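Dear colleague,

I am passing a structure on to you, together with some notes on what was found in it. Please look it over before reading on.

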Amino acid sequence: MSQTADNNINLIPTKKAKDYKSTVSPIWCAGCGHYSVLAAVTRALAELNLEPENVAIISGIGCSSRLPAYTQLFGFHGVHGRALPVASGLKVARPDLTVIAVGGDGDGFSIGGNHFLHACRRNINFTYIAMDNEVYGMTKGQASPTTPADWDHSKLTPHGTGIPALQPASLALGAGAGFIARGYYGDPKQLTDLIVKGIKHDGFSFIQALSQCVTFVPEQKHWKEMVHTFPIEHINDPIQTAAEIQRDDGFGLGLIYERPSHGWMPPHHDPESELQILNDMEARFSV
Ligand code: SF4
Ligand code: MG
């Protein structure tokens with residue numbers, strides 16, 4: 001099988017989306033947007049014709065973080081908010097793998113917010129898909145960092161939070177991310193294309209996937225009337241892109257920003273000597 005040197009992408013396509021799905025049935029609610037994101041991830045991997053054993057998918061905690069169990073890939077279901085450091089460590093230790101991190105807005109932008117900033121800044125070559133439904137779904141509908149200030153359907157914030165919602169794309173740009181995109185569960189083809197582009201990008205790729213929570217925020221079905229195309233005139237210009245993000249209502253879809261980059265690796269990376277160090281440590285601490 002012919003492969004490119006740096007990201008395992010096979011040149012002769014032979015795979016189908018189903019080759020990346022496990023036999024575990026998702027326990028997401030009927031109509032949850034995460035089904036569509038799962039389909040987009042597996043379609044993107046098929047389009048890139050990646051061997052399943054060369055891909056690792058990492059998550060934190062939450063409804064969306066169950067996604068690795070529904071794939072046939074090596075996976076790591078980590079602790080809350082810690083998908084990005086796990087993904088970073090894995091990519092540094094195993095640069096031969098294609099690494100994808102997935103999770104929700106609560107996991108990624110609240111408890112995991114600090115890791116998000118530094119993943120953007122470090123620019124290690126992996127792809128982060130944040131499945132954003134503007135709510136904590138698994139713990140029954142509390143406000144998350146991306147919840148609109150006036151959303152008053154949570155028992156914990158019956159009058160709304162009164163706090164402006166975080167803009168993940170703006171944060172990513174300010175923290176130095178070199179690839180920023182926004183997709184929507186209702187347009188799985190575009191979302192697949194964005195994931196393909198994100199995996200191909202050499203460096204940290206951030207994809208915000210708007211993914212509705214039908215159970216706790218059923219009004220999100222109106223998103224289909226709100227999504228629109230993000231203007232791409234300034235896709236390489238961070239200052240103009242920052243202005244476009246501020247002008248946008250958070251529902252602009254597509255590639256928002258991309259700059260040419262090379263993913264960061266530690267200096268003097270020598271897998272053989274690192275393996276030796278690991279073996280020595282294992283021998284030292286064995287009982
Ligand atoms: Fe999806 Fe919301 Fe159900 Fe969680 S609670 S599975 S996010 S619809
Ligand atoms: Mg959420």
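Two strands pair if DSSP finds at least two bridges between them, and helices (H or I, at least four residues) and strands (E, at least two) are DSSP runs, numbered from the N terminus. Please bear in mind that this is a predicted model, in which local features need pLDDT of at least 70 and side-chain atom pairs count only at pLDDT 80 or more, while totals for chains, interfaces and linings use all residues. Residues are numbered from 1 along each chain as its sequence is written, chains are lettered from A and ligands numbered from 1 in the order in which they are written, and side-chain values use heavy atoms, with hydrogens and water left out.

Strand 3 is in turn parallel to strand 4, with 5 bridges between them, and Ile100 is partnered by Thr127 in strand 4. Strand 4 (127-132) then pairs with strand 6 (residues 205-210) in the parallel sense over 6 bridges, where Asp132 stands opposite Leu210 of strand 6.

Buried is used here for a relative accessible area under 20%, exposed for one over 50%, and partly exposed for values in between (1.4 Å probe, protein chains only). In a regular strand the side chains alternate between the two faces of the sheet. Strand 1 is mostly covered, with 5 of its 5 residues buried: Val55, Ile57 and Ser59 lie on one side, Ala56 and Ile58 on the other, and both faces are covered. Strand 4 is likewise mostly covered, since 6 of its 6 residues are buried, with Thr127, Ile129 and Met131 pointing one way and Tyr128, Ala130 and Asp132 the other way.

Leu90, which belongs to helix 2 (residues 83-93), is partly exposed at 23% relative accessibility. If its neighbours within four places in sequence are left aside, Leu90 is in contact (heavy atoms within 4.5 Å) with Ala56, Ile58, Leu97 and Val99. Leu90 and Ala56 are 34 residues apart along the chain, and their C-alpha atoms are separated by 8.7 Å.

A pair of helices

Two packed helices are described by the angle between their axes and the distance between the axes. Helix 1 (residues 34-48) packs with helix 6 (residues 188-200) at an angle of about 50°, and their axes are 8 Å apart; the axes are lines fitted to C-alpha atoms, for helices over the stretch in contact, and angles run from 0 to 180 degrees between N-to-C directions. That makes helix 1 oblique to helix 6, given that angles under 35 degrees count as roughly parallel, over 145 as roughly antiparallel, 65 to 115 as roughly perpendicular and the rest as oblique. Residues making the contact include Val37, Ala40, Val41 and Ala44 of helix 1 and Leu191, Ile195, Val196 and Ile199 of helix 6.

Backbone and cysteines

Most residues other than glycine have a negative phi, and most peptide bonds are trans. Asn49, although not a glycine, has a positive phi of about 55°; Asn49 sits in the loop between helix 1 and strand 1 and is buried at 0% relative accessibility. Glu134 also has a positive phi, near 60°, and its place is in the loop between strand 4 and helix 5 (168-174), where Glu134 counts as buried at 14% relative accessibility.

As for disulfides, taken as pairs of cysteine sulfur atoms within 2.5 Å, the count comes to 0. Cys32 is buried, with a relative accessible area of 12%, and Cys213 is buried at 8% relative accessibility.

With kind regards
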